[in-house]
Amino acid sequence: MAKNYKIGWFSTGRGEGSRGMLQAAHNAIKSGDLNAEIEFVYCAREYGETEKTDQYLNMVKEYGIPLVSFSYQKYRAVKNMPSPDLSQPLPQWRLDYDMEVLQRLEKFQPDLVILAGLMIVTSPLMCEKYEIINLHPAAPGGPAGTWQQVIWKLIDDKAETQGIKMHVAIPELDMGPTATYCTFGIRGQAFDTLWEEIKGRTTEDIKAKEGVENALFKKIREYGAVREVPLILNTLKSFAEGRVKITKDRQVVDAAGRLCKGYDLTGDIDEMVKGKLT
């Protein structure tokens with residue numbers, strides 16, 4: 001087992017989800033279940049921007065983790081620039097922001113960086129500097145986009161399975177190789193009645209009349225959301241124990257160095273969420 005495995009933690013720290021992920025990782029390290037340390041937390045906000053971010057920053061300090069906070073929004077305002085068009089290469093000012101972040105982080109040497117609620121896109125500069133993993137709310141080969149877009153696509157496709165994955169961050173958004181994943185069915189006792197209720201309706205009709213309050217939409221989200229923190233923890237544990245690694249050319253390999261299409265953690269995650277779902 002690797003000793004003193006160092007994790008870099010990137011976040012915007014904007015809400016309960018960000019705090020929950022950090023708390024879960026801290027508790028796992030403290031209990032000895034995760035043989036690693038969070039070497040630093042980088043937050044893309046600073047004190048005074050929002051009350052929820054202040055709570056997040058206070059949590060980081062309470063845990064005694066080195067904190068680097070550098071406001072993305074303040075930097076953008078000073079530069080008087082609009083938010084980047086993600087269909088285009090990042091503009092120079094955006095690369096300059098990441099360069100300043102990297103300068104603030106230069107004394108750290110993480111083995112792995114996790115994007116845990118970072119609400120800005122990582123630039124090629126970051127992807128070249130660190131081995132970075134990011135959460136995506138779909139199984140390998142599943143829909144792209146936000147978790148809302150993913151669920152609507154699943155409903156539109158009348159899908160039978162869903163999942164979540166951790167993938168390697170590369171300059172192309174959400175296109176990096178799968179590092180770890182888990183899957184779960186969205187048919188059966190908990191779902192069949194909900195599928196029957198929307199039979200004959202188009203996704204656009206459901207969006208217009210109920211939106212994200214639709215019962216099937218909410219149930220799919222519930223089954224995915226409850227697995228997110230368990231997948232993050234098991235992924236960090238898998239990396240710390242050397243069961244999965246990222247190569248210099250950003251490919252994913254197993255403990256023997258063989259290329260793999262993602263480390264399947266479904267069994268571990270199912271065990272962790274047992275009793276939490278109806």
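I began with the lining of the largest cavity, whose residues divide into six nonpolar, three polar and two charged; here Ala, Val, Leu, Ile, Met, Phe, Trp, Tyr, Cys and Pro count as nonpolar, Asp, Glu, Lys and Arg as charged, and the others, Gly among them, as polar.

I noted that this is a predicted model, in which local features need pLDDT of at least 70 and side-chain atom pairs count only at pLDDT 80 or more, while totals for chains, interfaces and linings use all residues. Residues are numbered from 1 along each chain as its sequence is written, and side-chain values use heavy atoms, with hydrogens and water left out.

How many cavities of 30 Å³ or more does a search of the whole structure find? I found two, a cavity being a set of points on a 1 Å grid over the protein atoms alone where a 1.4 Å probe fits but cannot get out, with lining residues having an atom within 4 Å of a point. The largest holds about 50 Å³ of space, where a volume is the space filled by probe spheres set on the points, and grid points are joined across faces, edges and corners.

I then asked which element gives the most to this lining. It is helix 9, with five residues; helices (H or I, at least four residues) and strands (E, at least two) are DSSP runs, numbered from the N terminus. Helix 6 (147–157) and strand 6 (161–168) each supply at least two residues, and the lining includes W147 and G163.

I followed G163 to its bridge partner in strand 7, which is T183.

Terms used:
1 Å grid on protein atoms, 1.4 Å probe; cavity = no way out; pocket = protein on both sides within 12 Å on 5 of 7 lines; lining within 4 Å. Pairing = 2+ DSSP bridges.
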